[in-house]
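This report goes through a structure chain by chain, and then turns to a sheet, a helix and a contact. Keep the sequence and the 3D view at hand while reading.

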Amino acid sequence: MTSPAFLLTVDGIAKSFERAPVLAEVSFHVLPGEAVGLCGDNGSGKTTLVNILSGLIAPDAGSVRFDGLDVTRLPMDARYRAGIARTFQIPRPYPALTVAEAVRVALPASAGGGEIDALLSRVGLLGQRDLPCGRLSQGCLRRLEFARALACRPRLMILDEVFSALSTTDEEELVALLRAVNREDGAAFLLVSHNPQLLDSLCGRVLHLAGGRIAREGKA
Amino acid sequence: MAAHLPIGKSTAAAAGILLLLPLGLHDPFLLDVLTTGFLLAAFAGSWDIVGGVAGQVSLCHALFFGIASYACAAMTTLLEWPAFLAAPAAVLLAGLGGFGVGALAAPLRGPFVAVLTLAIGEAAHELVLGNVFLAGAGGYAWGGEGGIPVRLPWWAESPRAAYYAALVFLAAATAVLLLVRRSRQGLVLRAVAGSEMTARASGIDVAKHKRRAFGIAALLAGTAGAAYAFHVGRATAADFSLELSFQAATFAAVGGRGTVVGPVAAAFCFHVLFQGLDVPPGTRILFYALALMLILRFFPGGVAGELLRLRERREAGR
């Protein structure tokens, strides 16, 4: 199944918590620049899978290969530096840091102020650059999550319910941003969502997770 | 946060007062209280790097102060090293201790860091308190509660010279602490304090930076410990005490955790107040506990945080 043409190869991933299986034999792949959706009922194992793919937790069995390299045991920070960025379902901002400082943390040390402003401008947060992250609205926090994810120039973005609890305007602008990142930067993404219309409009194919397995693949 | 504190004029005024004070103050006891106040303020500032900026509540900070003071004493008295070699070696040992504690604390979070460091600090305190390192036939004993004397490079220390040396030391230490806080390293530590998860998802090796926070803070605490040992002429078990660590954490909370300047100012003011009024240790510890409870409940940002809030409110009203 492993092929250098695949950006991400997930092979036989299994995970249990206190002997209760959450994921079993999950296998799929993502091509460079591909837009893939992931849906499933609550408790189907979506967040566990996202946590394994981003390096937050290790699987009990199986492997994750990124760009031909085995990253199964690579921690989240190393995967980010390798080009796998993730966003959180519930953003966890740095309350005392300003928006610009939060982005600076994610950029390489050599990055200048121009690079920070360019990223903030792209996600529509330039006007809030000097505000503490703790004072941002939900929509702005989601934009900041995008800015953080884009700071590593990702080749794969794992987006966990990134459009939930947003106003219509925020959702439309972030959807447009995601399309642009996918089209212009060539970044692939794995979008986790409960919204079938959104998944169908953004993703070429959607993986359906049920009972800890990929039950089917196709439209949402 | 500290970068925007309204401290410019007040710092200049305080510096002017402290520079001129010894000219009109001839009581050696009061000069000594102020001198030790400067050294302990630098120590409290060093705690703020790990406990405030990096958000790792360490309760063994006195360990690094004590390692440096005991190393100075042992190296000058037992090994007969000159002070200019003993002091940097002692500071390096303290820094190594910091990296060691940091390595143990790095996988832990929140109260677990406090509990681990409390245990390490108390174990070290008991170790130096309960052991006599060298006992001679003449009846002398080095170690235990009395500690080890430091062989001083001068015959008689002038209280005024010591005062100015300690003041310059505090100014330099504060400048270094502020530089660390305002550097990229400081920014990363503030991010780790804010959300370890987001920091990790931003490519930050959180464990590595926690070790660094402990190491940097320990180097600076060790510098204060070495300076203190050369000032008082003896390293004692009190240099490792929980009270010293607790003081640093309390003063940081009162002054404003993570601001460096707030903890330094609070440590100096409270030390001078307590020593000047000869407040007994039991009362001091009671005060620390009460102050911590009240500050954390009503003014979590400390004095510096309140000053910022007042300034923001004033600016918003314009």
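## Chain A as a whole

In chain A, among contacts between residues at least 6 apart in sequence, 68% join residues at least 24 apart. The model is a predicted one. Of the 220 residues in chain A, 43% count as buried.

Chain A contains seven helices and ten strands. Its radius of gyration is 17 Å, close to the 17 Å that the globule rule gives for 220 residues, so chain A is as compact as a globular protein of that length. Taken along the principal axes, the C-alpha atoms of chain A fill a box of roughly 45 × 35 × 35 Å.

## Chain B as a whole

Chain B has 13 helices and four strands. For 318 residues, a compact globule would have a radius of gyration near 20 Å, and the 19 Å of chain B agrees with this. The C-alpha trace of chain B spans about 70 × 50 × 35 Å along its principal axes.

Of the 318 residues in chain B, 49% are buried. Among contacts in chain B with a separation of 6 or more, 81% come from residues 24 or more positions apart.

## An open sheet in chain A

Strands of a sheet pair through backbone hydrogen bonds, either parallel or antiparallel. Chain A has an open sheet of four strands with antiparallel pairing, in the order S2-S1-S4-S5. Strand S2 (20-30) and strand S5 (69-70) of chain A stand at the edges with a single partner strand each, so one side of each has no neighbour in the sheet.

Which residues of strand S4 pair with strand S1 in chain A? Strand S1 (residues 8-17) and strand S4 (residues 61-66) of chain A run antiparallel and are joined by five bridges. In one of the pairs, A:Val10 stands opposite A:Val64 in S4(A). A:Asp11 has A:Ser63 of S4(A) as its bridge partner. In a regular strand the side chains alternate between the two faces of the sheet.

S4(A) is also joined to S5(A), by two bridges, and these strands run antiparallel. Here A:Phe66 stands opposite A:Leu69 in S5(A). S4(A) and S5(A) form a hairpin with two residues between the strands, and in this hairpin A:Asp67 takes a positive phi near 55°.

Strand S9 (residues 205-210) of chain A is joined to strand S3 (residues 35-40) of chain A by five bridges, and the two run parallel. In this pairing A:Val36 stands opposite A:Arg205 in S9(A).

S9(A) also pairs with strand S10 (residues 213-218) of chain A, in the antiparallel sense and over five bridges. The bridge partner of A:Leu207 in S10(A) is A:Glu217. S9(A) and S10(A) form a hairpin with two residues between them, and A:Gly211 in the turn has a positive phi of about 60°.

## Helix H4 of chain A

Which residues of helix H4 (residues 113-123) of chain A are buried? They are A:Ile116, A:Leu119, A:Leu120 and A:Val123. These residues cover an arc of only 95° around the axis, which puts them on the same side of H4(A). An α-helix has 3.6 residues a turn, so residues three or four places apart point the same way.

The buried residues of H4(A) pack against helix H3 (99-106), helix H5 (138-150) and helix H6 (168-185) of chain A. On the face of H4(A) turned away from its buried side are the exposed residues A:Gly114 and A:Ala118. Just after H4(A) comes A:Gly124, with a positive phi of about 80°.

## Where the chains touch

How many residues does each chain give to the contact? Chain B gives 17 residues and chain A gives 18 residues. On the side of chain B that touches chain A, the elements that give two or more residues are helix H7 (184-194) and helix H8 (196-201) of chain B. H7(B) gives the most to this side, with six residues.

The residues on the side of chain B that touches chain A divide into eight nonpolar, five polar and four charged.

Notes:
Residues numbered from 1 in each chain as written. Chains lettered and ligands numbered in written order. Pairing = 2+ DSSP bridges. Rg over C-alpha atoms; globule rule 2.2 N^0.38 Å. Buried ≥ 20, exposed ≤ 12 C-beta atoms within 10 Å, placed from the backbone. Contact = placed C-beta atoms within 7 Å. Arc of directions from axis to C-beta. Nonpolar A, V, L, I, M, F, W, Y, C, P; charged D, E, K, R; others polar.
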